[in-house]
Amino acid sequence: MQDFKFKIDGAEYTASVEEKEDGKLAVTVNGNAYEVEVPGHAAAAPKVQPIKPAAPAAAPTAAPAAAPKKAATGAGTAVTAPLPGTITSINVKEGDSVKAGDTVLVMEAMKMANNITAECDGVVKAILVQQGAQVQSGDALIEIG
């Protein structure tokens, strides 16, 4: 994985790029994950050898955090987890106004802190996770209306 920091028109961005087995790239920019295909890259892509997972961490002594709720259909715009991880901080509360690009929470995934941002302007209608919750890719985290 390669990490990059850069500015575009004065705005700072952080990005990480990781090659996947199928020749595609997993690109994360400011906490937003994308799968990227580069023409001609798949044929030349090296095969990635899986890394054996580290030994599991000691069992937590506190009660596990509640599983994330799913957003109600048509209830607003859901901010979703771009990849599996653990919620480390929630930066907003219900009723807060947010703008597209505002960091609404931070999640740890692949040993990196990832800022999860609002995709639209609006008001936080519901926070669907708690700090410490384990989430899966696509889980609804926050609802903005």
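Let me begin with T117, which in this predicted model is buried, with a relative accessible area of 10%. The cut-off for calling a residue buried is under 20%, so T117 qualifies.

What does the side chain of T117 meet in a polar contact? The partner is the side chain of N32, at 3.4 Å. If we set aside the neighbours within four places in sequence, T117 is in contact with N30, N32 and V79, and also with G101, D102, T103 and V104.

Strand 9 brings me to the second largest pocket. Its volume is about 170 Å³. The lining of this pocket is made by 13 residues, and those nearest its centre are T14, A15, M112, A113 and N114. Which strand gives the most to that lining? It is strand 9, with four residues. Strand 1, residues 2-8, and strand 2, residues 11-19, also supply at least two residues each.

In general, nonpolar side chains in soluble globular proteins tend to be buried together. The largest nonpolar core here has 20 residues, and the members that touch the most others are I87, V104, L105, L141 and I142. Three strands each supply at least two residues of this core: strand 8 at 103-109, strand 10 at 122-127 and strand 12 at 140-144. Strand 8 gives the most, with four residues.

V104 links two parts of this account: this residue is among the contacts of T117, and V104 is also one of the core members that touch the most others.

Consider next I87, another of those core members. Beyond four places in sequence, I87 is in contact with L105, V106 and M107, with the residues V129, Q130, Q131, G132 and A133, and with V135 and L141. Two of these partners, L105 and L141, are themselves among the core members that touch the most others.

Finally, the chain as a whole. Of the 145 residues, 28% are buried. Among contacts between residues at least 6 apart in sequence, 50% join residues at least 24 apart. The chain exposes about 9,400 Å², of which carbon and sulfur atoms supply 54%.

Definitions and conventions:
Residues numbered from 1 in each chain as written. Predicted model: local features only at pLDDT ≥ 70, side-chain atom pairs only at ≥ 80, totals over all residues. Heavy atoms only, no water. Buried < 20%, exposed > 50% of the residue type's maximum accessible area, 1.4 Å probe, protein only. Contact = heavy atoms within 4.5 Å. Areas by Shrake-Rupley, 256 points an atom, 1.4 Å probe, with all protein chains shown as cover. Core = buried A, V, L, I, M, F, W, Y, C linked by side-chain atoms within 4.5 Å. Polar contact = N/O pair within 3.5 Å; in protein donor to acceptor, adjacent residues only side chain to side chain. 1 Å grid on protein atoms, 1.4 Å probe; cavity = no way out; pocket = protein on both sides within 12 Å on 5 of 7 lines; lining within 4 Å. Points joined across faces, edges and corners; volume = space filled by probe spheres on them.
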